[in-house]
Each structure stands twice: as C-alpha cells, then as structure tokens.
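Biologist: I am new to this protein and would like to be taken through it. Could we look at it together?

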Amino acid sequence: IEKIFALGIEKISLGVSAFQNPDLVKQAVKVFGSQSVVVCVDFAKNIFGKYVLAPHGKKTSISVIDYVHRVEQLGAGEIILNDVKRDGTGRGLDRLLIEAVTKKLSIPVVACGGAQSVEDLVQTACRTGVAAVGAGSLFVYYGERRSVLINYPTESEIDKLLLEMKG
C-alpha cells in the first residue's frame, strides 16, 4: 500500500484483502487516513433472497449490511458496492440493497454491477442516496448480440439527465 501512495495515488480500494484481513483496513486508515481507504464489497443474493458477501463471486453467509457497518467502524472512508451476479448483465442496479446500505452508513457509497441504461444510473443516483454510480459494460457493449462498441452518452443527453436530477 505504501508504494502505491508513494506514486501519488490518493485512494486505494481494498476488496477481498479487506474481507480476509479486516485489520488491513484499520492499519491503512491509521497510516493514510480514512479519506484514502475505500473498501469494495462484492455481494449477491443467496437462495433465500438474502444479500450476502461474495468475494471472488463465491457466496458466503455474511450479511452485506453487517459487513459494511463493520467496515465503516474500521475506518473506511468509502464503500464500492458491486453486485457480482448482475455485473455485466445489463439487468439494472439493485436499488433495494443500495438504498438499504446508504441508509445504514454515514460514509459515501458508490454502486455498480448491472447498469441497464443511463436512465438506470440517474434513477439510482437520485433515489438511493449513493454518492456515485458506476458502469462498464453499458458503455462497451451494444445491441442484442452485445457487439463491442465504445459507447457513451452525448453531451446533450448528459445535460438533459443532469437537469432531470436537479428538478
């Protein structure tokens, strides 16, 4: 971690390493400050419909809500919430869990995993309390056959959506 910050990087994201070694979060916060420590939380629904951690895509029995609360207590300054079962599918962000997490925490939450459209991103940003939303496949794949196309909204589309967010 020290080598990364020595390069001038301002934030580091800990995922599986934070899950496997929670003290790493605490140590990193102590040295670099909570504003520089982000924890990426991979999650999925289990067969009972409960949201659980899914590091490396493998579901555990650990509740996402309990875990993010613990990570906040360890001092993390931000959470990235990633739905591993929706990631890349375009099925839409899971606003139910995203909102539950943002209501539980006082630190910023970034949501990703499954963005369906720019409208999905806007609705999630406006309705769940997240600090930001992320998307990957939405801007790379196109059409029914998911052809590779680097795609992004036009400036006028962005302006229109920003106006909708304000109003």
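**A buried glutamate and its surroundings**

Modeller: At 14% relative accessibility, Glu78 counts as buried. Please keep in mind that this is a predicted model.

Biologist: Where is Glu78 found?

Modeller: Glu78 belongs to strand E4.

Biologist: And which side chain does the side chain of Glu78 make a polar contact with?

Modeller: The partner is the side chain of Lys11, at 2.6 Å. Leaving out residues up to four places away in sequence, Glu78 touches Lys11, Val37, Val38, Val39, Ile107, Pro108 and Val110.

Biologist: Let me step back. How many helices and strands does the protein have?

Modeller: The secondary structure comes to 7 helices and 8 strands. The protein has 167 residues, and 38% of them are buried.

Biologist: What share of the contacts with a separation of 6 or more comes from residues 24 or more positions apart?

Modeller: Such residues account for 56% of those contacts.

Biologist: Now helix H3, please. Which of its residues are buried?

Modeller: Helix H3 covers residues 22-32, and its buried residues are Leu24, Val25, Ala28 and Val29. Seen down the axis of H3, these fall within an arc of 130 degrees, so they line one face of the helix.

Biologist: Why would residues three or four places apart point the same way?

Modeller: An α-helix has 3.6 residues a turn, so residues at that spacing point the same way.

Biologist: What is exposed on the other side of H3?

Modeller: Lys30 and Val31 are exposed there. The buried residues of H3 are covered by elements including strand E1 (12-14), helix H2 (16-20), E2 and H4. Just after H3, Gly33 takes a positive phi of about 95 degrees.

Biologist: Can we stay with Val25 for a moment? What does Val25 touch?

Modeller: Val25, at 1% relative accessibility, counts as buried. Not counting residues up to four places away in sequence, Val25 touches Leu14, Ala18, Val37, Val39, Leu74 and Ala76. Val25 and Leu74 are 49 residues apart along the chain, and their C-alpha atoms are separated by 6.4 Å.

Biologist: On to helix H5. Which residues are buried there?

Modeller: In H5, residues 95-104, the buried ones are Leu97, Ile98, Val101 and Thr102. They cover an arc of only 130 degrees around the axis, which puts them on the same side of H5. The face turned away from that buried side carries the exposed residues Leu96 and Lys103.

Biologist: What do the buried residues of H5 pack against?

Modeller: They pack against strands E2 (37-45), E3 (51-53), E4 (78-83) and E5 (109-112), and against helices H4 (64-74) and H6 (118-127).

Biologist: Changing topic: how many salt bridges does the structure hold?

Modeller: There are 5 salt bridges. In one of them, Asp120 is paired with Arg95, the closest N and O atoms being 2.8 Å apart. Asp120 lies in helix H6 and Arg95 in helix H5, so the pair ties together parts that are 25 residues apart in sequence.

Biologist: Is Asp120 buried or exposed?

Modeller: Asp120 is buried, with a relative accessible area of 5%. Arg95, at 27% relative accessibility, counts as partly exposed.

Biologist: Where is Thr128, and what does its side chain reach?

Modeller: Thr128 sits in the loop between H6 and strand E6 (132-133), and it is buried, with a relative accessible area of 4%. The side chain of Thr128 reaches the backbone oxygen of Thr124 at 2.6 Å, and a polar atom of that side chain lies 3.5 Å from the backbone nitrogen of Val130. Apart from neighbours within four places in sequence, Thr128 is in contact with Arg95, Ile98, Glu99 and Thr102.

Biologist: Finally, the surface. Which residues make the nonpolar patch?

Modeller: Ile4, Leu7 and Ile9 make a nonpolar surface patch of about 290 Å². Ile9 is in the loop between helix H1 (2-6) and E1, and Ile9 is partly exposed, with a relative accessible area of 40%.

How values were computed:
Residues are numbered from 1 along each chain as its sequence is written. This is a predicted model: local features need pLDDT of at least 70, side-chain atom pairs count only at pLDDT 80 or more; totals for chains, interfaces and linings use all residues. Side-chain values use heavy atoms; hydrogens and water are left out. Buried means under 20% relative accessible area, exposed over 50%, partly exposed in between (1.4 Å probe, protein chains only). Helices (H or I, at least four residues) and strands (E, at least two) are DSSP runs, numbered from the N terminus. The arc is that of the directions from the helix axis to the C-beta atoms. Contact means heavy atoms within 4.5 Å. Patches are made of residues with over 30% relative accessible area and no salt bridge: like charges are joined within 9 Å, nonpolar side chains (Val, Leu, Ile, Met, Phe, Trp, Tyr) within 5 Å. Accessible areas come from the Shrake-Rupley method with a 1.4 Å probe; for residues, only the protein chains shown count as cover. A salt bridge is a side-chain nitrogen of Lys or Arg within 4 Å of a carboxyl oxygen of Asp or Glu. A polar contact is a pair of N or O atoms within 3.5 Å; within protein, one must be able to donate a hydrogen and the other to accept it, and residues adjacent in sequence count only if both atoms are side-chain atoms.
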